[in-house]
Amino acid sequence: MKKHWKLRFTLSLLIPLGFNSFYSLPTHASETNTQTNVKVNAQSSKTITSTENQSALATAQQVKDQQIDSQQLVNDTYQKIKQNKDLNGVIYQDPVNASQQVNALPTTTSNSEQPFYGVPILIKGLGQAYKGYPNTNGLPYMQDNRYGYTKNFVAKLQEMGFVIVGETNYPELGLINVTDSNLYGPAHNPWDLTRNAGGSSGGAAASVAAGIVPLATGNDAGGSLRIPASWSGIIGLKPTQGIILGDSLTPSVVNFAETRRIDDTIKLFEGLIDPKRKSLLKEFPLKLQDLKIAYSLKSPVGSVVSPDAEKAVLNAVTFLRQQGFQVVEKDSPVDGVKLMRAYYLGALSDGTVANYLAQQKLHRNLQASDVTEHLISPMTYALYEASKKAPKEIKQTYNNELALVAAQMKSFHEEYPIYLTPTTVTVAPLNSDPAFLPADVTKILQMAKMPFEQQMDVIYNAWYHGLSKTPFTQLANLAGEPALSLPTYVNAQGLPLGIQLEGEKGSDLILLALGKLFEEKDKLIFLSDYQKLNNNAQPSKPRNEDKANISKVVVRNLGKKSVYEFQTAPSKLNFSDNVSRKYAVRTSQQGNARKLQLTKEKQLPQTGSNNNDGLVLLGLALFPLSLIGMDQNKRKF
């Protein structure tokens, strides 16, 4: 793909990916998943190579300069996965295939071609098809199923030079805001192994936070990239709906990645954007501080916002005001409860698809006993039962809500281009905290006898236990807007919590410019930085709080290319490829691993949540919010 855009505000920026997940017939079941029993490993963050915690772009340049051997880099990554097995973040590995990819890399490459040359990457096990890899949707009765094709999104990653080394953990159908399932178990948080990494891209987030890989892909239909980013202390961008190669223009799933460096985020975005939809991108303002920012501390569904979340946002407000921004407190105009009730209508198709797969594999429909026998999650069953009684007009109800939300946010952004909130209103939950409370599960098991409206009440109430922790992320999905989670806060107990910047459609680059500002001013806190600070126990120098002199962005039309120049004072962010590499070489050295005591817990199945990632491809599919679909080994990407 030719580059059509270049952002120079820290690195060249721009171009996302696509997302469709399709059911494929089972092939062979060679390698097995790496589900493990969790136990403490105090050496989980041991440094293996000199590339530890540096950017993917810097690592790629070292491979190109023959300072590092790509095969050794892959081997080291597998060693890191082994040393971090307690995280249960990686569910599948294929070293043989990875070596074949290394051997297939071109012997010569330019900086503009394959910017991530030879860099290992983990892909999400849900919705990101790679031929021969598991395609289970997290359902035990699909555990032997394999993809029979490679999705265009994954193929594009390889075109950019990445070497795919495995799949990351996720919850069943991607439905919940924690990563846990009957098939794969929980993804543990590298900050505290007793806690969850978040969902549904939790395995990816844990792997990036622990330094196994510099970035890992995921997808997001309700917060599935941003929630794990908040709870695992990394960067999570949810792009504008439809701007990534292969993504639908209708609010549904978007594909992108969890990262640790803004410059990596930018270059990945640059490589994955759909060139046919670059016109969706907004131009930069003449001065970044011209963007008026609204912030909110009020949960849209009435749940409690923790003091940690409030402090994280208020710290960001203070910082942004110091940089010259006008920041005012203002809630979004959207009715959060109404939005979530519509969101759950859109999730009904997941139950329909899960039942279709059961018919193919079990030769029967799903039933309540499948929940108690740990074959499906309570929410999967609930969505299936409700889908059978859903009236035809609910599709129009859903579409009407989408139109209302889009109109409300469009009007809101005319005055407030940026909307700042907590990403999550609490720090990461314990793995012992069930996704659904036992009383709600009891009601779900009786749903077959209920009328539709009562079924939807049960679904809302059951999901609320998880939703109450993450009520801010779904708005961007239904509005089709970009949103960026930044790791700016760590509480007194040593647990991270992110802030979320949401913008109008097409403002992805502007959000990344703001993210770069936080990064340049040392406001982003990652696990390795936190460990180093604690281990050194030295007082840090006061951070530079000078106002950023952000000049106007220069846009030059160069044929089919547009060049963005973005700079701050005192440091200029006017990056060519060479300057980008020099910047990317900066690393944060890994501190000694904290010894984390893992309590023995009796786990309940962690199922259901407010994160439904997907695509609806069934003829019966109700809405475009579903993560899964079907393919009979015919669909090619």
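This is a predicted model: local features need pLDDT of at least 70, side-chain atom pairs count only at pLDDT 80 or more; totals for chains, interfaces and linings use all residues.

Biologist: What makes the charged end of Arg261 count as sitting over the ring of Phe526?

Modeller: A charge sits over a ring if NZ of Lys or CZ of Arg is within 6 Å of the ring centre and within 35 degrees of the ring normal. The charged end of Arg261 is 5.7 Å from the centre of the Phe526 ring and sits over that ring, and the charged end of Arg341 sits over the ring of Tyr460, 4.5 Å from its centre. Tyr460 also belongs to one aromatic cluster with Tyr343, Tyr344, Trp463 and Tyr464.

Biologist: Why is the aromatic pair of Phe116 and Phe162 called stacked?

Modeller: Rings of Phe, Tyr and Trp (its six-membered ring) pair if their centres lie within 6.5 Å, and planes under 30 degrees apart count as stacked, over 60 as edge-to-face and the rest as tilted. Phe116 and Phe162 are 4.5 Å apart centre to centre with 15° between the planes, and the pair is therefore stacked.

Biologist: What makes this pair a tie between parts of the chain?

Modeller: Phe116 lies in the loop between α3 (95-104) and β3 (120-124), and Phe162 in the loop between α4 (152-159) and β4 (163-168), so the pair ties together parts that are 46 residues apart in sequence. Both Phe116 and Phe162 are buried, meaning under 20% relative accessible area with a 1.4 Å probe, protein chains only.

Key
Residues are numbered from 1 along each chain as its sequence is written. Side-chain values use heavy atoms; hydrogens and water are left out. Helices (H or I, at least four residues) and strands (E, at least two) are DSSP runs, numbered from the N terminus. Buried means under 20% relative accessible area, exposed over 50%, partly exposed in between (1.4 Å probe, protein chains only).
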